[in-house]
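Open the model in your viewer and keep the selection tool at hand. The stops below are meant to be taken in order.

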Amino acid sequence: MVIMTASSAPTLQPGDLIELDVTGIAHGGVCVARHEGRVVFVADAIPGERVLARVSEARKKSFARATTVSVLQASEDRRPHIWPEAAIERDPDERAGGAEFGHIALERQRALKADVLTDSLRRFGGLDDEALARVTGGAGLSVEAAPGDDEVNGLGWRTRVRLHVDPESGLVGPYAARSRNVIEVESLPLATEAASFIAPLEDSMPDLETVDLIAPSADDPRMLVSYPGERARAGENDAVRESVGGREFLVRAGGFWQVHREAPNTLFEAVRDAILALIDSGRFDATATNLDLYGGAGLLAAAMAEAAGPSLKVTTVEADAGATDDAAENLSELVGALALTSRVDRYLADLLRASAPVRERLTRATVVLDPPRSGAGGEVCAQLGELRPANLVYVACDPVALARDTKTLRDLGYELDSLRAFDLFPHTHHLEALAVFRRVG
């Protein structure tokens with residue numbers, strides 16, 4: 001195998017070994033380097049390191065992709081990987097996926113996530129240094145740890161884990177990083193004890209396609225299984241109980257729920273505190289047409305209610321009918337709550353056709369939204385811009401999607417007032433953010 005250096009020919013082919021000086025971090029959990037002027041996105045590295053990497057993709061002239069195979073000059077933040085089956089000592093094709101930051105010290109992981117979010121808001125959100133300083137309190141963005149994570153090195157937090165089944169051997173395990181190869185593993189270090197206990201890692205299940213491990217906080221753990229060619233998973237509509245700050249929530253076993261054991265309470269408190277801040281500033285109207293969009297089982301609507309009290313009027317909107325039923329149950333004690341099944345864009349389109357009094361109440365409203373990873377998107381942001389609610393409390397799980405929506409909302413007359421970020425996915429590149437916007441136009 002030829003090892004290509006800076007003086008080598010610039011043509012790269014999959015399988016080539018190249019030495020790289022890693023200079024930065026990119027969205028998606030990969031680092032940035034250059035080889036003969038071409039950007040190389042390299043996995044399993046840390047900014048500041050010099051590594052030997054194997055090229056995995058070089059079809060585009062502007063960039064290539066590679067995976068670290070050995071470290072020539074290590075960062076002081078490099079640690080033994082928390083998952084032996086994902087360690088750099090294994091061939092890149094045989095490394096388990098799902099813990100792409102598992103070789104990095106937790107504090108550095110959070111700094112890298114803050115860098116990605118800040119850079120995204122600069123590049124795609126149009127925020128300058130002054131605006132970023134204002135929304136982060138002047139000290140720069142920090143990614144907040146979830147309670148208990150530092151004490152256990154960010155392990156044991158996943159209450160929901162998807163495993164895959166090799167159709168030939170029946171092996172149950174995670175996919176390899178960036179592939180569909182099922183990897184044999186002896187443990188699941190990111191899973192909670194309850195989820196790990198029921199993991200069938202030593203079993204052969206050739207008749208199945210996926211195995212989901214579900215470990216609710218207030219119910220028994222269970223497996224949901226799917227068969228080849230079938231979209232539904234056995235048991236996915238079973239009701240399970242989740243406990244959040246002393247409250248109990250009913251959730252479908254296969255429905256959406258935050259996967260970190262502390263994430264529901266962390267986001268509940270963050271949204272509650274954001275609403276309390278709006279109340280203190282005189283910007284919140286409990287009797288307006290307040291909305292909880294992409295509302296799921298009603299967690300964030302309940303957070304609004306804790307802050308605003310029993311006079312709150314809020315409509316939670318969710319496309320999944322099962323989740324809407326759960327939300328109706330979970331919010332049943334709140335007289336002013338309504339749970340509706342609808343796509344968010346269609347619901348907002350109906351509001352745009354509503355009567356003048358309804359539209360007026362919307363201009364005094366606060367909208368909480370927790371969209372999917374792709375973000376709210378241009379159409380929903382444009383609809384919100386036309387409806388002109390007073391405040392937007394935006395929960396985001398993708399920094400680039402949040403940044404793009406931030407640019408759209410700013411163009412529509414909103415300004416970003418505050419921003420928090422949470423490390424609810426330790427040892428991965430993912431994070432959650434809470435952005436509060438106010439209408440200024």
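The model is predicted: local features need pLDDT of at least 70, side-chain atom pairs count only at pLDDT 80 or more, and totals for chains, interfaces and linings use all residues. Residues are numbered from 1 along each chain as its sequence is written, and side-chain values use heavy atoms, with hydrogens and water left out.

Select Phe268, in helix α4 (residues 263–280); helices are DSSP runs of H or I of at least four residues, strands runs of E of at least two, numbered from the N terminus. Phe268 counts as buried, at 3% relative accessibility (buried is under 20% relative accessible area, exposed over 50%, partly exposed in between, with a 1.4 Å probe and protein chains only). Beyond four places in sequence, Phe268 touches residues including Val244, Arg247 and Ala302 (contact: heavy atoms within 4.5 Å).

Next, show the open four-stranded antiparallel sheet, ordered β10-β9-β11-β12; strands pair if DSSP finds at least two bridges between them. β10 (172–173) and β12 (222–226) are at the edges, each with a single partner strand, so one side of each has no neighbour in the sheet. Two bridges join β9 (residues 160–165) to β10. Select His164 to find Gly173 of β10 opposite.

Finally, select His427, in the loop between β20 (414–423) and β21 (432–439). His427 is buried, at 1% relative accessible area. Its side chain reaches the backbone oxygen of Asn153 at 2.7 Å.

Methods:
Polar contact = N/O pair within 3.5 Å; in protein donor to acceptor, adjacent residues only side chain to side chain.
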